[in-house]
Amino acid sequence: MAEAVVSAAVSAPSVAVPAPLPVRAVLPWALFVGLLALIALYFVGAEQGATSLFAGSDVHEWVHDGRHLLGFPCH
């Protein structure tokens, strides 16, 4: 009788399996995040000199520490 109680208590717990996400639900968000990442990479890595979209060095000064952190040369 004691063995039946122990074996019932040791049985494997049930694991909830999450529902799969359809690609159509994820794709717009993935594209949006990818576009934001490319814009951020442009401003941190290339917004100065000949490829500059904004006159002056304001953007360069705002992302200056990020350039050094990511290894982009800027001096």
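The protein chain in this predicted model has four helices and zero strands, where helices (H or I, at least four residues) and strands (E, at least two) are DSSP runs, numbered from the N terminus. Read along the sequence, that gives the pattern α-α-α-α. Residues are numbered from 1 along each chain as its sequence is written, and side-chain values use heavy atoms, with hydrogens and water left out. Local features need pLDDT of at least 70 and side-chain atom pairs count only at pLDDT 80 or more, while totals for chains, interfaces and linings use all residues.

Now for the surface. Of the 75 residues in the protein chain, 9% count as buried; buried means under 20% relative accessible area, exposed over 50%, and partly exposed in between (1.4 Å probe, protein chains only). The accessible surface of the chain comes to about 6500 Å², and 74% of that belongs to carbon and sulfur atoms.

Histidine 60 sits in helix 3 (residues 58-62). With a relative accessible area of 13%, histidine 60 is buried. Leaving aside residues up to four places away in sequence, histidine 60 touches Gln48, Arg67 and Cys74, a contact being heavy atoms within 4.5 Å. With arginine 67 there is also a side-chain polar contact of 3.4 Å. (A polar contact is a pair of N or O atoms within 3.5 Å; within protein, one must be able to donate a hydrogen and the other to accept it, and residues adjacent in sequence count only if both atoms are side-chain atoms.) Glycine 49, in the loop between helix 2 (23-45) and helix 3, counts as exposed at 61% relative accessibility. Its C-alpha atom is 9.9 Å from that of histidine 60, eleven residues apart along the chain.

Next come the aromatic rings. The structure holds three aromatic pairs. The rings of tryptophan 29 and phenylalanine 32 have their centres 6.4 Å apart and their planes at 85°, so this pair is edge-to-face. For the terms, rings of Phe, Tyr and Trp (its six-membered ring) pair if their centres lie within 6.5 Å, and planes under 30 degrees apart count as stacked, over 60 as edge-to-face and the rest as tilted. Tryptophan 29 and phenylalanine 32 are three residues apart in helix 2, so about one helical turn separates them. Tryptophan 29 is exposed at 60% relative accessibility, whereas phenylalanine 32 is partly exposed at 45%. Tyrosine 42 and phenylalanine 43 also form an edge-to-face pair, 5.3 Å centre to centre with 70° between the planes. Ring pairs link Tyr42, Phe43 and Phe54 into a cluster.

Technical notes:
Accessible areas come from the Shrake-Rupley method with a 1.4 Å probe; for residues, only the protein chains shown count as cover.
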